[in-house]
Amino acid sequence: MQEHDISWVRTEMALAQSAPRSEVGPAAWLRQNLFSTPVNAALTVLALLFVAWLLPQVLNWALFSAVWTGADRTACLNAEQGGPLPSGWSGACWAFVGAKFGQFMVGRYPVDERWRIYLTAVLFVVLLAPLLIPRAPFKRLNAILFFAVFPFVAFWLLLGGFLGLSYVETPLWGGLLVTLVISYVGIVTSLPLGVLLALGRRSKMPAVKLLSVVFIETVRGVPLVVVLFMASFMLPLFVPPGMSFDKLLRALIGVALFSSAYMAEVIRGGLQAIPKGQYEGADSLGLGYWQKMGLIVMPQALKLVIPGIVNTFIGMFKDTSLVLIISMFDLLGIVKQNLADSNWATPQTAKSGLIFAAVVFWIFCFGMSRYSQYMERRLDTGYRR
Amino acid sequence: MALQDAARPGGSERASWFYDPKVRGIVFQLVLLAVLALCLWWIVDNTIENLRRSNISTGFAFLRGRSGFDISDRLIDYSSDSTYGRALVVGMLNTVLVAASGIVTATILGFLIGVLRLSNNWLLRKLATVYVEIFRNIPPLLVIFFLYVGVLSLLPLPRDSYVLPFGSYLNSRGFYFPRFVWGDGSWLVAAGLGLGVVFSYFVARWARARQMATGQQFPVFRTSVLLILGLPLLGLAAAGFPLTIDFPQAGTFNMTGGFNVKPEFMSLYLALSIYTAAFIAEIVRAGIQGVPRGQTEAYSALGLRPRQGMRLVVIPQAMRIIIPPLTSQYLNLTKNSSLAVAIGFPDLYAIGGTILNQTGQAIEIVVIFGVIYLSISLLTSLFMNWFNAKMALRER
Amino acid sequence: MKKIFTGVLALGALGAAAGVASAGTLDDVKAKGFIQCGVNTSLSGFSAPDDKGEWKGLDVDFCRAVAAAVFGDGTKVKFTPLSAKDRFTALQSGEVDILSRNTTWTINRDTALGFNFAGVTYYDGQGFMINSKKLPGINSALQLSGASICVQSGTTTELNLADYFSANKMEYNPVVFEKFEEANAAYDAGRCDAYTTDQSGLYSVRLQTSSPDDHVVLPEIISKEPLGPAVRQGDDQWFDIVKWTYYALLDTEEAGITQANVEEMKNSANPDIKRMLGTEAETKIGTDLGLGNDWVVNIIKATGNYGEIFERNVGSGSPLKIARGINALWTKGGLQYGMPIR
């Protein structure tokens, strides 16, 4: 055993060595993420084969072989079906979507009056965009304009009939316009109704509590089509003879009732998460019930459940497509209706039309869900590790 | 403040009853009930008036009337001579069938994709994400339409059916496969199955008790499979194989014989499964991620392999997070089954609508819808709550 | 507190107001300025919107005729497209004033559903259509045993179909759709071997298929389908107006009054024609009905007589090319018989 000089202490940092070759670079990434075990490698190969089989077909159908322009069905028929395209051709018939685009967007709304829809759409975007950006100023004014003033302006612009605009009856409305109108009204009405119902369900007054529970559970227990069916067929029986509701209005009532029950449950979740101390604190300050709820509890509870609220919105947006079952023509309804047009009847029409509708719905829903995730991250400051 | 106090003459100890929250609460509730009763009375009065004016009878007597229409998908005997009541039962069973099979498939698919979302294989993870993001963000009705159009346009006419193994065929009229026709003595098979299930239950109980006591494990799963499959087979042999197989054959128009799953059912069932699986996948992912990392580290420290650890440590804990949202997905799937009406599958809603059209009993039909859908929802919730209670954390 | 009480009072007042009986349909219609007419969503020849969104068809023209009788203007009518399932509730609830949607007159609908049928604007019968290219050799409905048959739910067609097959001891698979368009699309996609509906409807559906020439309508007619406009029970005045509009369309055809010659005919010396067109002195026919005395003139100016409506929409002037057959006037061997306007 030899004695070492143990008083030696290293005075400068050792030079950092680069990571081993096997741990960096594309090869390592591949090995770690795709071929870590034999099973994984086999799965990767299978998945690759699947993608290689599917992707070219999809791209070819949707883009490379697709027909983009054409006057009628012959543009989308191949030689065997009596059209100009080579035999065996199969591709999307976007010409159909192009020809019907106006209808898909606004239904049979008179062409000369369509500027009103575009104006409403611009107003909607101008008011909504700053509301969604957390840093934009004038939030309160903006919210008032969007939730309280905009509905009336939009009502006037879209329906007309007074102040110099001609009346456009709702049976002429259709397409994305109806989808957006129903979702917007559903969102704007279900939030306050949902808050009231959630408060009712947690109320200490037995009658209020019972009524809220019965309403929420009944509506949540039956499918939306049954609620729409009721709104559509029973409502006219409930009012005096001669009084009649617009069909769109009936659908709106149905959707609003339905979504407020779901909203109530989401908000109740938020209310339950607020510690008892907050309620007691508010009581000790001498606040009344509505002050306590409005100033202390609700702002915290709503903030907690923003993701849930947005998810309910997404659900509602998708659910608007069900009005097709009560013979109303929202985006999906009007696409379905146009599939019956014999001028465009080809084997590819149905697929093209439905995929177009799917893409539109997807863009809206995906956008909303991404925004909700963004808000979740922004608000979720307390729990991050 | 002082001024105000001074202004109050007498300065009574108790505030006026007007400010007593209890009294206010009671008055408010009374007023609310009165308003509701008034509304209700108004609605009922109008409805009676409207019904009287258009000469519509009320009551559920119509359920005993002859329906007169045929239903192609049915689980029980039914013909156009059956009653409206029976037609509704046929519809209800169809709803339950589609919901139950959809729930099973959606759960399996959803768990698979949820686990893939957390896989350490980058490609599979991305594919699962694409699946979830596509199907979560389009309306279920669109998925149903798309599958229906796809099914109808891809499948050939009956005369050039795809021939599948085991005497099955696939064509635009549906999926045909052989049907077992049970002869005399088949009760032995059923009895074997019953016994197998009962035995497996007791074996599982015994094995658990033994493991608790001694720590020794017993291959419960393999034993159960053997029991549940073996005993019926034994019964079959004992009865002398009273089994004939009815193969589908080509008829003039359609295949005859065998068992036929119609395209309407297929597309509805597939669409509901695919759509709901996307949501279940997200729930499963969140559930597994919700189990603290320490648990994974702990089972590794105990020397469990990842697969064992997943099964014995992570999944049981994740289930507690998963079950409540899973329940609401099951309820959603059941409710979405009413979209069957759009592609002509005779579920409860579709048949109820037809009956409404023939009899004009709008209110009664809506009441029936409400009662049946609510009961189905309630039963599903009850079952899931029981399951949830079983899986809940048991503190010792 | 005060607020709540006022609210209750207001609601009570609303409840009381509900007790006030509503006026008849004619007054309601006059007050709102147009007739709400329930029609088929898309059945070319009977009611379908054209390229410009204008409603066209025999059922549509009937509603225009009623509007012309009431307002003297055939355009004062709005159309509500209804599915087979929606149609009766829509009429019962007052959403529409007339249901003119190729609806079969049956006793059940007359009694249990609470309607009154004003007449038969088209005598029809149920038939079958098949794709002769895919099913060569089928030329009778009796050969359809075992077939899948597309049908619209909630129609008399669905019931007749069940009766016909059970009476002939044949098996079939009903494929039932709620909407006409969906049944058409499924038939066209090959989901069913045969399609069944009223024969007039079959001709219209055939035009909508991707290859109309491949489809043939089988000769059997398995039911009586008298199609006509219906109104709610309990409003005799409105029922009379709709009923006599129908008779007026027939009587004018019989008298040879057309859209083109109605102005000349006003000068006719024929007492029948004078009575019909309200040119008779001191006539009360129109006012007794609650309309103007020139109601028939207005109808004919707006739509023409029954023969003109028929030829324009479903007959020789249309792509459907349906022969008059039993829908000819009784004087020409058909069933259309207008009660005398006297």
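## Exercises on a predicted model

The centres of domain 1 of chain C and domain 2 of chain C, taken over C-alpha atoms, lie 30 Å apart, with domain bounds that come from an automatic or database domain assignment. This is a predicted model, in which local features need pLDDT of at least 70 and side-chain atom pairs count only at pLDDT 80 or more, while totals for chains, interfaces and linings use all residues. Residues are numbered from 1 along each chain as its sequence is written, and chains are lettered from A, with ligands numbered from 1, in the order in which they are written.

**Exercise 1.** Describe the two domains of chain C and the contact between them.

*Solution.* Begin with the bounds: domain 1 of chain C covers 23–123 + 226–332, and domain 2 covers 127–223. Next, take the contact, to which domain 1 of chain C gives 17 residues and domain 2 of chain C gives 15 residues; two residues are in contact if their C-beta atoms, placed from the backbone, lie within 7 Å. Finally, sort by class the side of domain 1 of chain C that touches domain 2 of chain C, which has 7 nonpolar, 9 polar and 1 charged residues. Here Ala, Val, Leu, Ile, Met, Phe, Trp, Tyr, Cys and Pro count as nonpolar, Asp, Glu, Lys and Arg as charged, and the others, Gly among them, as polar.

**Exercise 2.** Work out which parts of chain B touch chain A.

*Solution.* Start with the contact, which takes 40 residues from chain B and 42 residues from chain A. Then look at the helices (DSSP runs of H or I, at least four residues, numbered from the N terminus, as are strands, which are runs of E of at least two): H2 (21–53), H4 (122–136), H5 (140–154) and H12 (362–391) of chain B each supply at least two residues of the side of chain B that touches chain A. Of these, H2(B) gives the most, with 11 residues. By class, this side of chain B has 24 nonpolar, 12 polar and 4 charged residues.

**Exercise 3.** Find where chain B has its lowest and highest mean pLDDT among its elements.

*Solution.* Where pLDDT is low, the predicted coordinates should not be read in detail.

Note on methods. pLDDT is the predictor's confidence in each residue, from 0 to 100.
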